[in-house]
Amino acid sequence: MRRVRYTSPAGHLFLEQVPVPEPGPGELLVRCEAVGVTLPVVRKVTEAAEPIPLGGEVAGEVVAAGDGVTGFRAGDRVTGLCFGHGYADFAVLRQEMATPVPDGAGAVDAVALVRSGLVALGALSAARPRPGESALVTAAAGGVGHLAVRLARTRGAARVVGAVSDPAKADFVRSLGADDVVVYGDDWGEPVDYVLDGVGGDLLTPAVAALAPGGRLVAYSSGGGTVRAYDLLVGARTVTGFQIARIAREEPELYAQWRRELWGLFADGELRPAVHGRFSLEDAAKAHEAVESRGNLGKVVLVP
């Protein structure tokens with residue numbers, strides 16, 4: 001089978017031929033039909049001290065199941081998070097990280113919706129939104145952010161603001177239901193009740209400043225950043241870190257509940273993931289460039 005990898009930190013991505021892996025106990029072997037490209041993986045490629053397996057979100061058909069697997073069998077269509085090599089024709093998924101893809105949903109829909117949607121829905125839930133509040137979403141045109149804009153509206157936000165890196169993204173973000181769109185570095189307007197921050201780094205300070213008194217910020221990016229305690233104290237603001245992997249490990253029932261909610265919204269037509277581009281495995285480097293440049297409108301997907 002074909003697999004994408006690299007051999008040195010920040011090295012170029014290339015295709016290699018390797019044997020199809022075998023699923024171990026509790027694992028599924030999936031023929032990949034779509035693979036999601038995420039900013040955390042792109043950053044690991046450019047910043048990690050040693051080369052890493054290119055894992056992430058995959059969707060496709062189960063072709064084999066390891067010992068002890070229950071609830072899945074060959075022929076099932078699934079999506080989930082691969083912690084090993086996912087940029088490949090075949091990938092191995094832990095069964096607890098897999099979820100069935102319902103009839104009427106394609107592999108690209110699944111890989112664009114489930115993982116990114118779980119992050120967006122989880123971050124939104126961590127913000128404890130109340131009907132009638134105002135929300136601001138950074139990276140509002142990205143794979144997670146564009147879903148967070150829609151979900152904030154479905155959870156009753158009276159005003160949703162999308163923050164983006166380029167004004168050219170404004171029309172796209174408004175089409176998702178945002179009332180206003182602001183650009184990093186400009187005035188962000190009236191304070192909001194909560195911020196969902198998918199950028200971090202230098203943007204974390206203005207994101208905290210955008211909070212009204214008593215406002216809540218949920219940080220779910222891998223961009224880091226520092227918050228001064230005084231900036232929280234003066235406005236009685238709070239900052240919460242959110243990681244979907246912890247929910248999957250420690251609160252599987254909640255994880256499953258959120259998955260059902262996402263598919264329900266999809267079935268009702270209230271949540272449709274946007275796909276910026278579909279790239280072949282041979283063009284994985286171009287897919288990474290699209291994500292790293294922050295030029296994408298929606299999800300970037302590899303289609304083996």
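Mentor: Helices (H or I, at least four residues) and strands (E, at least two) are DSSP runs, numbered from the N terminus. The model is predicted: local features need pLDDT of at least 70, side-chain atom pairs count only at pLDDT 80 or more, and totals for chains, interfaces and linings use all residues. Residues are numbered from 1 along each chain as its sequence is written, and side-chain values use heavy atoms, with hydrogens and water left out.

Trainee: In which strand does C32 lie?
Mentor: Look at residues 27-37. They form the strand that holds C32, strand 3.

Trainee: Is C32 buried or exposed?
Mentor: Buried means under 20% relative accessible area, exposed over 50%, partly exposed in between (1.4 Å probe, protein chains only). The relative accessible area of C32 is 5%, so C32 is buried.

Trainee: Which residues does C32 touch?
Mentor: Contact means heavy atoms within 4.5 Å. Residues up to four places away in sequence are not counted. The partners of C32 are V58, A59, G86, A88, D89, F90, A91 and P304.

Trainee: What separates the C-alpha atoms of C32 and R115?
Mentor: Along the chain, C32 and R115 are 83 residues apart. Their C-alpha atoms are separated by 15 Å.

Trainee: Which residue in strand 11 stands opposite A135?
Mentor: Strand 8 (residues 134-137) and strand 11 (residues 192-197) run parallel, joined by three bridges. Opposite A135 stands Y194.

Trainee: What is the volume of the largest cavity?
Mentor: On a 1 Å grid over the protein atoms alone, a cavity is a set of points where a 1.4 Å probe fits but cannot get out, and a pocket is an open set with protein on both sides within 12 Å along at least five of seven lines; lining residues have an atom within 4 Å of a point. Grid points are joined across faces, edges and corners, and a volume is the space filled by probe spheres set on the points. The structure holds one cavity of 30 Å³ or more. The largest cavity has a volume of about 70 Å³.

Trainee: Which elements give two or more residues to its lining?
Mentor: The lining of the largest cavity includes E57, M97, R115 and Y255. Its elements with two or more residues are strand 5 (77-82), helix 2 (107-126) and helix 8 (252-267).

Trainee: Which element gives the largest share of the lining of the largest pocket?
Mentor: This pocket has a volume of about 1,100 Å³. Among the 45 lining residues, T38, L39, P40, V41 and S222 are the closest to its centre. The largest share is five residues, from helix 1.

Trainee: Is A236 buried or exposed?
Mentor: A236 lies in the loop between helix 6 (229-233) and strand 13. Its phi is positive, about 50°, although A236 is not a glycine. Its relative accessibility is 53%, so A236 counts as exposed.

Conventions
Pairing = 2+ DSSP bridges.
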